[in-house]
Amino acid sequence: MRSKSTKIGLSIVFILVETLVYGQEIFAHNDYVKPVPFSKAFELKASYIEADVFLEKGELVVAHTKGEIIPGNTLESMYLKPLTEKINELYELNLMIDLKTEGHSTLDALVKLLNKFPELTSSEQLHFVISGSYPPPVEWKKYPAYSWFDGRRNIAYTPEQSGRLKLMSTDFGGDSKSD
């Protein structure tokens, strides 16, 4: 049986080998706080571009905390419209949408908004990855096939649910503490 530190070391080695073999992946974490959201990450061909969203007065606004919400900073204006303008330049891109407000109503509002952009939802190059406060995996089948999810290590997924996972996230700090 391997110790926790050995498992972590092997995981880090695997990530390094994967990066060397398959190339570098860029994750634009909290991209919206950058001086030029979306554009720079897209120019650098980030594999993941993250936007945290709150459902405020029926609109999906982008901010890290509720106190940082700026009217007009919407998912549509900051990410979806710019993506539409870049549709012919798309590469394998994951727009990671971290739901900061309750999952059902926020995810329903997201689906309604995304359905206004069929050129994006039908793109094989673009994946919408839902993270944060989303509904339980048993409900994922209610959402369009273009909706992918960010899994958690401590959940046992059915094969159908596993097919909707784009990545698995974990609290590295919590997982890397020694016993």
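Reader: Does Val 111 count as buried or exposed, and at what relative accessibility?

Author: Buried means under 20% relative accessible area, exposed over 50%, and partly exposed in between (1.4 Å probe, protein chains only). Val 111 has 11% relative accessibility and therefore counts as buried. This is a predicted model, in which local features need pLDDT of at least 70 and side-chain atom pairs count only at pLDDT 80 or more, while totals for chains, interfaces and linings use all residues. Residues are numbered from 1 along each chain as its sequence is written, and side-chain values use heavy atoms, with hydrogens and water left out.

Reader: In which element is Val 111, and with which residues is it in contact beyond its sequence neighbours?

Author: Helices (H or I, at least four residues) and strands (E, at least two) are DSSP runs, numbered from the N terminus. Val 111 lies in helix H4. Contact means heavy atoms within 4.5 Å. Setting aside neighbours within four places in sequence, Val 111 is in contact with Tyr 143, Pro 144 and Tyr 146. The C-alpha atoms of Val 111 and Tyr 146 are separated by 9.5 Å, although these residues are 35 apart along the chain.

Reader: Where is Ser 131 placed, and what does it touch?

Author: Ser 131 belongs to strand E5 (residues 126-132) and is buried, with a relative accessible area of 6%. Beyond four places in sequence, Ser 131 touches Met 96, Ile 97, Asp 98, Leu 99, Asp 150 and Arg 152.

Reader: How many residues has the largest nonpolar core, and which have the most contacts inside it?

Author: In soluble globular proteins, nonpolar side chains tend to be buried together. A nonpolar core is a set of buried Ala, Val, Leu, Ile, Met, Phe, Trp, Tyr and Cys residues joined through side-chain atoms within 4.5 Å. Here the largest has 39 residues, and Ile 49, Leu 75 and Tyr 79 have the most contacts inside it. Elements giving two or more residues to this core include strand E2 (48-56), helix H3 (75-85) and helix H4 (103-114). Among the residues that Ile 49 touches are Phe 38, Phe 42, Tyr 79 and Leu 95.
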